[in-house]
Amino acid sequence: MASQALIKDFEELLGKENVFSSEADRMSYSYDSAVLPPVMPSLVIRPTTREQLSACVKKLYDNGIPMTVRGSGTNLSGGTIPDKSDTVVILTTGLNRILEINTNDLYAVVEPGVITAQFAAAVEKKGLFYPPDPGSQAVSTLAGNIAENAGGLRGLKYGVTKDYVMGIEFIDATGATVKSGSRTVKCVTGYNLAGLIVQSEGTLGVISEAVLKLVPPPKASKACMAVFDDVQHAADAVAGIIAAHVLPCTLEFLDNNTIVRVDDYTKAGLPREAGAILLIEVDGHPAQVADDAAAVEKVLKENKATAVHIPKDAEEKFKLWEARRAALPVLARCRPTTVLEDATVPRSQIPAMVKAVNDIAAKYRLDVGTFGHAGDGNLHPTFLCDKRDKDEFSRVEEAIDEMFDVAIKLKGTLSGEHGIGTAKSKWMEKETSRGTILFSQRLRRALDPKGLLNSTKLVGI
Amino acid sequence: MTTLHELAQRLMTLDDRITDCMKCGMCQAVCPMYGATGMEADVARGKLALIDNLAHEMLKNPAAVADKLGRCLLCGSCQAACPPGVKILEVFMEAREIVNEFLGLHPVKKMIFRTLLPHPELFNFAMRVGAPMQGLVFRKSGDAQGTVCAPFLNFMLGDRHIHPLAKTPIHARYGALDEPRRAGGLKVAFFPGCVGDKMYTDMTEACLKVLRHHGVAVFMPAGLTCCGIPALSSGDVTGMLGQLQANVRALKGGDFDYLLSPCGSCTATIKEYWPRYAHRMGTGEEGFVKKMADMAMDINAFLVDVLKVTAAQPRADAVSVTYHDSCHLKKSLGVASQPRTVINANPAYKLTEMAEADRCCGCGGSFNLFHYDHSRKIGQRKRDNVVASGAKIVAAGCPACMMQLEDVLSHNNDAVRVKHTVELYAESLN
């Protein structure tokens with residue numbers, strides 16, 4: 001636990017209701033959504049203004065106390081688990097105001113702790129669109145999305161979080177305020193530090209404000225579901241759709257294991273024999289949506305889709321997506337522990353990757369279901385196990401090691417959207433290079449000379 | 001159970017169910033308590049982690065865990081939204097029982113749950129003595145909801161604006177009611193619940209009127225008492241079983257097709273918790289309790305699903321009514337469309353949906369007694385949504401929610417009145 005003097009100082013600065021020092025409270029900030037051992041912090045603080053945030057960071061820096069920044073704690077790679085027992089957790093959830101939604105200039109200014117889905121809803125109310133939609137959007141914070149460069153279902157057409165960051169204000173390790181980017185589309189004032197902070201996983205600074213890009217919403221959309229005997233045919237169809245110059249806003253994939261389990265659970269009458277299902281949605285101007293949908297249907301049929309379902313109305317469309325929405329919950333209910341991975345490969349390599357995942361699972365006698373974002377090659381092989389069974393869990397770890405080897409060989413990446421944290425740091429060098437690690441560490445040491453910010457995450461310091 | 005190790009071993013019986021939590025944190029989006037405090041230990045993921053740590057002897061402070069467990073409305077919003085389907089309420093109820101057994105039950109709770117509530121004659125006597133006295137300490141709040149408050153009892157009751165106790169409770173008006181079945185007609189056992197018996201008697205009378213109108217005979221025995229949920233929520237299974245035993249005694253021998261209640265919480269308790277705990281009475285009456293659970297039905301569901309009450313075309317001058325989904329009705333029993341139909345069954349009313357209609361009102365039964373400040377804060381969000389809907393009346397299918405709605409609306413000096421759905425329907429019947 002932190003010293004009484006430090007607790008008292010923070011209580012004076014933030015108010016007692018924003019300083020959590022009891023063992024039970026600290027314990028509830030010892031984990032995030034990653035399947036990793038918990039580490040209990042020495043104190044948890046929740047600043048509610050930017051001034052308080054920078055004063056907190058400065059105080060911790062001056063006292064040489066390590067810090068881990070945390071939003072809603074939905075990180076899947078351990079990025080918000082404290083590094084050591086003397087770490088202080090800084091919560092950003094007390095800074096949760098939307099400061100501006102500018103409908104003329106198409107941007108919004110937000111504090112770090114604004115909840116993604118609430119922000120998207122507020123933007124929608126003003127007639128605009130914020131596309132990034134990570135799976136945790138109902139609870140995740142925008143600064144957490146930025147720090148992890150979160151993706152979601154709309155990546156192929158709309159991009160990911162980094163594509164919507166126009167500017168960031170952050171507090172550096174010493175407590176100083178740094179600004180980069182602006183409310184303008186163009187801005188080349190100084191280094192692109194905002195770009196550096198995106199995906200930095202809380203290792204380079206603490207985000208205190210962000211300017212986010214908004215876009216006009218699509219006027220129409222159309223969805224369909226296609227069934228394939230073979231994963232290869234589904235992948236050919238995905239390639240065909242892109243080759244036909246159609247960019248669907250979502251292009252989702254479910255493998256046979258996932259289809260069968262979802263059908264077992266929902267009794268939705270899914271094609272249990274299918275090798276894969278693709279769920280596709282195109283959006284835009286009504287005329288273009290009609291053209292694109294026709295083009296997609298043609299490509300699907302040319303690529304041996306055994307069935308193509310096109311919903312007639314909103315209700316049918318909602319039902320169609322049920323299979324995808326149910327994928328993770330259903331897989332999660334199969335076994336006590338759910339290890340959700342996000343290995344990503346070039347989209348042409350999806351069949352090879354799916355086959356490799358299934359072969360590896362068979363080799364290590366493991367249960368796995370794979371679903372994900374076929375449009376951008378971002379798969380979610382989901383290993384179903386019981387972490388209390390040490391033998392089984394060590395097989396899961398070996399299987400994941402092998403799976404990453406395959407992903408890298410296929411010119412893919414360790415992580416499409418979940419981040420490195422501590423969960424994947426050991427594979428970093430394999431995908432990148434020794435030089436990358438050293439460069440990143442030198443960068444960190446220069447910006448955080450005492451090594452206090454999330455020290456064990458990413459490349460370490 | 002005297003050592004922490006023994007406590008931990010008892011808690012390990014929950015391990016399989018706690019391990020199902022994948023720590024995704026989606027419960028944060030729906031938890032009313034987390035919405036009010038933003039503290040991880042207040043949301044299901046945090047509480048499950050704390051129980052887990054106590055079970056694995058990583059944490060050695062059961063009082064702290066008990067305190068955190070108490071900061072929960074048991075509304076079940078988390079469970080209804082939980083991706084891996086963790087049986088959160090079951091775990092919380094059992095953890096409360098185990099931890100409270102270790103720490104000991106508060107003597108006042110012990111007296112209420114184990115002496116007063118299992119003996120309805122004592123409970124009824126105490127409340128009947130109390131009712132005429134309320135004029136001495138309570139005064140009218142002067143609001144549209146007709147609540148009373150007790151400034152002199154602020155130290156005990158807080159600044160609550162509550163519905164006054166009825167001068168004559170339902171059980172005193174009807175005694176043991178056992179109407180004969182009409183030829184070929186239905187007969188129901190009616191479970192008014194404590195609040196329906198002693199406080200919202202207009203609601204109960206409306207229910208009885210509606211049943212009469214539809215030719216449904218009613219069995220309402222004299223010995224009914226509390227459904228048991230307050231005792232169970234406090235971890236007092238002994239008290240809950242005493243109350244269950246009293247209710248079983250009262251219901252046995254009755255001839256009826258359904259067991260109806262106007263209280264979503266009572267109905268959910270009868271349906272879910274009675275059968276789960278019946279074997280612990282040790283009386284071999286599990287079969288009867290299971291039958292009661294199968295027969296239990298919310299009165300709105302009965303009106304719509306069994307009696308086929310349908311929505312009417314609203315009149316041109318229909319008054320707009322908004323509906324609050326009680327947690328136990330929607331999230332435990334899956335009753336959501338029927339209460340809305342019941343409102344619309346009266347052409348004098350038309351339904352206007354509020355935002356977040358199914359977000360918890362913040363009452364949570366005894367939660368309101370121990371965490372009134374949080375309860376009010378959660379209630380304020382509900383109040384804001386009610387008022388924003390522009391409706392003149394807010395209807396609910398649970399008297400506990402009605403108490404909470406009256407309290408928050410009264411404190412805000414709002415003109416919106418609070419009604420049970422069946423009261424609105426009953427107005428259209430003569």
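1. In chain A, strand E5 (residues 98-102) and strand E6 (residues 107-110) run antiparallel and are joined by 4 bridges; helices (H or I, at least four residues) and strands (E, at least two) are DSSP runs numbered from the N terminus, and two strands pair if DSSP finds at least two bridges between them. Asn102(A) has Tyr107(A) as its bridge partner in E6(A). The hairpin of E5(A) and E6(A) has 4 residues between the strands, and there Leu106(A) takes a positive phi near 55 degrees.

2. This is a predicted model, in which local features need pLDDT of at least 70 and side-chain atom pairs count only at pLDDT 80 or more, whereas totals for chains, interfaces and linings use all residues. Residues are numbered from 1 along each chain as its sequence is written, and chains are lettered from A and ligands numbered from 1 in the order in which they are written.

3. Chain A holds an open sheet of 7 strands with antiparallel pairing, in the order E13-E10-E12-E11-E15-E16-E14. Strand E13 (305-309) and strand E14 (337-340) of chain A stand at the edges with a single partner strand each, so one side of each has no neighbour in the sheet. The twist from one strand to the next averages 20 degrees, where axes are lines fitted to C-alpha atoms, for helices over the stretch in contact, and angles run from 0 to 180 degrees between N-to-C directions.

4. Within chain A, strand E11 (residues 250-255) and strand E12 (residues 276-284) run antiparallel and are joined by 6 bridges, and Leu251(A) has Ile280(A) as its bridge partner in E12(A). Helix H9 (residues 256-266) of chain A lies across E11, E12 and strand E15 (367-373), running at about 100 degrees to E15(A). Helix H13 (residues 390-409) of chain A lies across E14 and strand E16 (378-385), at about 165 degrees to E16(A).

5. Two residues other than glycine with positive phi deserve a look. Lys304(A), with phi near 65 degrees, is placed in the loop between helix H10 (286-302) and E13 of chain A, and counts as partly exposed with 15 C-beta neighbours inside 10 Å. Leu74(B), with phi near 50 degrees, lies in the loop between helix H5 (62-70) and helix H6 (77-81) of chain B, and is buried, with 24 other C-beta atoms within 10 Å. A residue is buried if 20 or more other C-beta atoms lie within 10 Å of its own, exposed if 12 or fewer, and partly exposed in between, the C-beta atoms being placed from the backbone.

6. The contact between the chains takes 24 residues from chain A and 25 residues from chain B, two residues being in contact if their C-beta atoms, placed from the backbone, lie within 7 Å. On the side of chain A that touches chain B, the elements that give two or more residues are helix H2 (23-27) and helix H11 (314-334) of chain A.

7. Chain B has 24 helices and 11 strands, and its C-alpha trace spans about 65 × 50 × 45 Å along its principal axes. Buried residues make up 56% of its 430 residues. Among contacts in chain B between residues at least 6 apart in sequence, 78% join residues at least 24 apart.

8. Chain B is divided into domain 1 (4-103), domain 2 (163-305) and domain 3 (310-426), with bounds from an automatic or database domain assignment. The C-alpha centres of domain 1 and domain 2 of chain B lie 30 Å apart, and their contact takes 7 residues from domain 1 and 6 residues from domain 2.
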